[in-house]
Amino acid sequence: MSAAHSTSPLPGAAPAVGITVEGLSKRFGAFEVLRGVSFTVQPGEIFVLMGPSGSGKSVLLKHLVGLERPSSGRTTVAGLDGADPATRERVRMALVFQAGALFNSLSVYDNLALYPREHRLGNEAAIRDRVMRALQILSLENAVQKFPAELSGGMKKRVAIARALVMEPQLLLYDEPTSELDPVMSATITEIIATLRQRYQVTSIVVSHDRDLALAIADRVGILMGGELIFLGPPADLRNPTDPRVADFLNPRIDLEHPRFKHLET
Ligand SMILES: Nc1ncnc2c1ncn2[C@@H]1O[C@H](COP(=O)(O)OP(=O)(O)OP(=O)(O)O)[C@@H](O)[C@H]1O
Ligand SMILES: [Mg+2]
């Protein structure tokens with residue numbers, strides 16, 4: 001165990017990894033969620049994946065960490081097959097789950113220490129250093145002894161990110177990191193994602209509905225709709241979208257005269 005390993009949650013030693021998604025399709029029974037999705041993410045890039053609820057964003061992320069298998073097509077992570085369990089042993093990747101997925105019976109400290117203990121990443125003192133550093137990066141030192149039920153929504157999101165950092169990931173996947181947060185906390189989490197990439201060159205894929213986040217930190221954006229990528233490009237191109245589906249998604253019109261409300265009238 002190197003000294004750097006024992007003290008730092010993200011030493012920057014491991015190179016960032018690139019991702020390819022090639023003709024990815026996924027069916028659940030007769031329902032085709034993803035239909036031939038293709039894109040690449042460069043090492044160290046922040047790629048923001050947007051799209052309506054139910055469009056398959058979480059399903060796509062799960063393919064990248066081997067939690068779902070493609071019906072057809074493939075994903076590669078650092079050139080290795082994303083569906084092969086061995087890839088997860090070779091590339092350190094962390095998924096920050098949509099709902100946090102913290103263990104409610106464990107304190108914040110023990111939630112963070114779980115992975116390094118299971119993978120024997122040093123003795124308890126080294127693990128404590130690693131955990132405390134991750135908590136410090138997320139300004140969570142005061143929450144170390146708390147249990148998930150005692151945390152606010154924003155704190156849970158930050159604990160989930162801290163738990164991912166403890167793995168020293170080369171690839172960080174965030175599923176809706178700013179949903180259910182107030183604008184100030186959303187901005188803080190957005191800054192954290194950008195800072196982690198800047199400091200450690202972690203390849204980052206962020207699933208989000210948050211247009212401000214995408215415009216502020218994405219190198220490139222993809223928009224999933226109807227199982228297909230209807231937009232792939234730099235965030236600047238979202239300011240004046242040419243595709244009406246993209247425009248409607250980003251700037252939905254509130255229409256109180258919509259026919260769906262007619263039956264409410266007496
Ligand atoms: N294991 C599964 N079995 C069957 N259907 C599934 C499964 N996982 C996801 N789905 C379906 O796939 C579709 C896409 O789900 P997904 O969770 O990827 O949506 P999403 O884009 O992440 O939406 P949201 O923005 O609400 O999180 C949904 O219709 C969902 O019901
Ligand atoms: Mg989702």
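Helices here are DSSP runs of H or I with at least four residues, strands are runs of E with at least two, and both are numbered from the N terminus. This is a predicted model, where local features need pLDDT of at least 70, side-chain atom pairs count only at pLDDT 80 or more, and totals for chains, interfaces and linings use all residues. Residues are numbered from 1 along each chain as its sequence is written, and chains are lettered from A and ligands numbered from 1 in the order in which they are written.

**Exercise 1.** Check the length of helix H5 (residues 124-137).

Step 1: the expected span is 1.5 Å times one less than the number of residues. Step 2: H5 has 14 residues, so it should span 20 Å. Step 3: its end C-alpha atoms are 20 Å apart, which agrees. Past the helix comes Ser139, with a positive phi near 55°.

**Exercise 2.** Find which residues of H5 are buried.

Step 1: count other C-beta atoms, placed from the backbone, within 10 Å of a residue's own; 20 or more means buried, 12 or fewer exposed, and in between partly exposed. Step 2: Ile127, Arg130, Val131, Ala134 and Leu135 come out buried. Step 3: they cover an arc (of directions from the helix axis to the C-beta atoms) of only 130°, which puts them on the same side of H5. Step 4: over on the other side, Ala125 and Gln136 are exposed.

**Exercise 3.** Work out how strands E9 (residues 220-225) and E10 (residues 228-233) pair.

Step 1: pairing takes at least two DSSP bridges. Step 2: E9 and E10 have 5, in the antiparallel sense. Step 3: Leu224 sits opposite Leu229 in E10.
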